[in-house]
Amino acid sequence: FFQVMHHRHAATAILATCFNPAQSGNTAARLAQYHSTFAVPAAFVAQRTSDASSIAKGRRRGFVALPPTRTGSTVFDSPDDGERISVTGTIYDGHGGEPTVQLFTKQGCTLCDKATDALRSIRGSHPHTLEAVDITDEDKLIWYDKYKYDIPVLHIDGKYWAKHRLTPEVATEGLEAAKAGTFEAQAGEPNAGEIERRQAERQ
């Protein structure tokens, strides 16, 4: 029991050293002390030191790096968050000949989930196809440039429709117009990249 507890104390000390810059100069001395005093196996110390170093490096970058998750069909490097899973794909299909809604999104977008719920709630009365477009896919960076601060962004049949939030009432109105052939692109389409470039030119 005491040997296990000593090992845990050693691991805690190593992690504390990595996370506390003020103690970084004492790393070798502290490891030597735990190794000699508590007979902590060298392999244990080496492994915990490696683990702590990796975590500390991630902490200095503002995040703790974890192994990539590879459960989807496409793995890519996101422009902002490291390796991610693409969420591009058809969420559900209509009956054919119905409007198609494009949802510009990315992994972890909770507002996008709410927009999906609003659309799904009227799917029976207003059939349509819903497709997700992941703006962080490598072949869709033109959309990332435009919509990176504004997702969810929605199009109907390729025309800008809405952003940020979508209620069932607004969804009904848009889909009815699309079905009747009277839907037109709406004003206020976001374009973050263009705004940033204009600001840079002024500076």
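The largest nonpolar core of this predicted model comprises 27 residues, of which Val101, Leu119, Leu154, Ile156, Trp161 and Leu166 touch the most other members. Contributions of at least two residues each come from E4, H4, E5, H5, E6, E7 and helix H6 (168–180). Helix H6 provides the largest share of this core, namely 4 residues. As a general background, nonpolar side chains in soluble globular proteins tend to be buried together.

Setting aside neighbours within four places in sequence, Leu154 is in contact with Val101, Gln102, Leu103, Leu119, Lys159, Tyr160, Trp161, Ala162 and Leu166.

**The sheet and its covering helix**

Five strands form an open sheet in the order E3-E5-E4-E6-E7, and their pairing is mixed. Its edges are strand E3 (89–92) and strand E7 (159–163), each of which pairs on one side only. On average, and with direction ignored, neighbouring strands of this sheet are turned by 30° against each other. Strand E6 (residues 153–156) runs antiparallel to E7 and is joined to E7 by 4 bridges. Within this part of the sheet, Ile156 stands opposite Lys159 in E7. Helix H4 (residues 110–121) lies across E3, E4, strand E5 (129–134), E6 and E7, and runs at about 165° to E4.

The model contains 3 aromatic pairs.

| Pair | Centre-to-centre distance | Angle between planes | Arrangement |
|---|---|---|---|
| Phe104 and Trp143 | 4.7 Å | 50° | tilted |
| Phe104 and Tyr147 | 5.2 Å | 75° | edge-to-face |

Phe104 belongs to strand E4 (residues 100–105) and Trp143 to helix H5 (residues 141–147), so that the pair links distant parts of the chain, 39 residues apart. The pair of Phe104 and Tyr147 likewise involves strand E4 and helix H5, and therefore ties together parts that are 43 residues apart in sequence.

Burial within this group can be described residue by residue. Phe104 has a relative accessible area of 3% and is therefore buried. Tyr147 is buried as well. Trp143, by contrast, counts as partly exposed because its relative accessibility is 25%, and the limit for burial is under 20%. Phe104, Trp143 and Tyr147 together form one aromatic cluster.

Notes: Residues are numbered from 1 along each chain as its sequence is written. This is a predicted model: local features need pLDDT of at least 70, side-chain atom pairs count only at pLDDT 80 or more; totals for chains, interfaces and linings use all residues. Side-chain values use heavy atoms; hydrogens and water are left out. Rings of Phe, Tyr and Trp (its six-membered ring) pair if their centres lie within 6.5 Å; planes under 30 degrees apart count as stacked, over 60 as edge-to-face and the rest as tilted. Buried means under 20% relative accessible area, exposed over 50%, partly exposed in between (1.4 Å probe, protein chains only). Two strands pair if DSSP finds at least two bridges between them. Axes are lines fitted to C-alpha atoms, for helices over the stretch in contact, and angles run from 0 to 180 degrees between N-to-C directions. Contact means heavy atoms within 4.5 Å. A nonpolar core is a set of buried Ala, Val, Leu, Ile, Met, Phe, Trp, Tyr and Cys residues joined through side-chain atoms within 4.5 Å.
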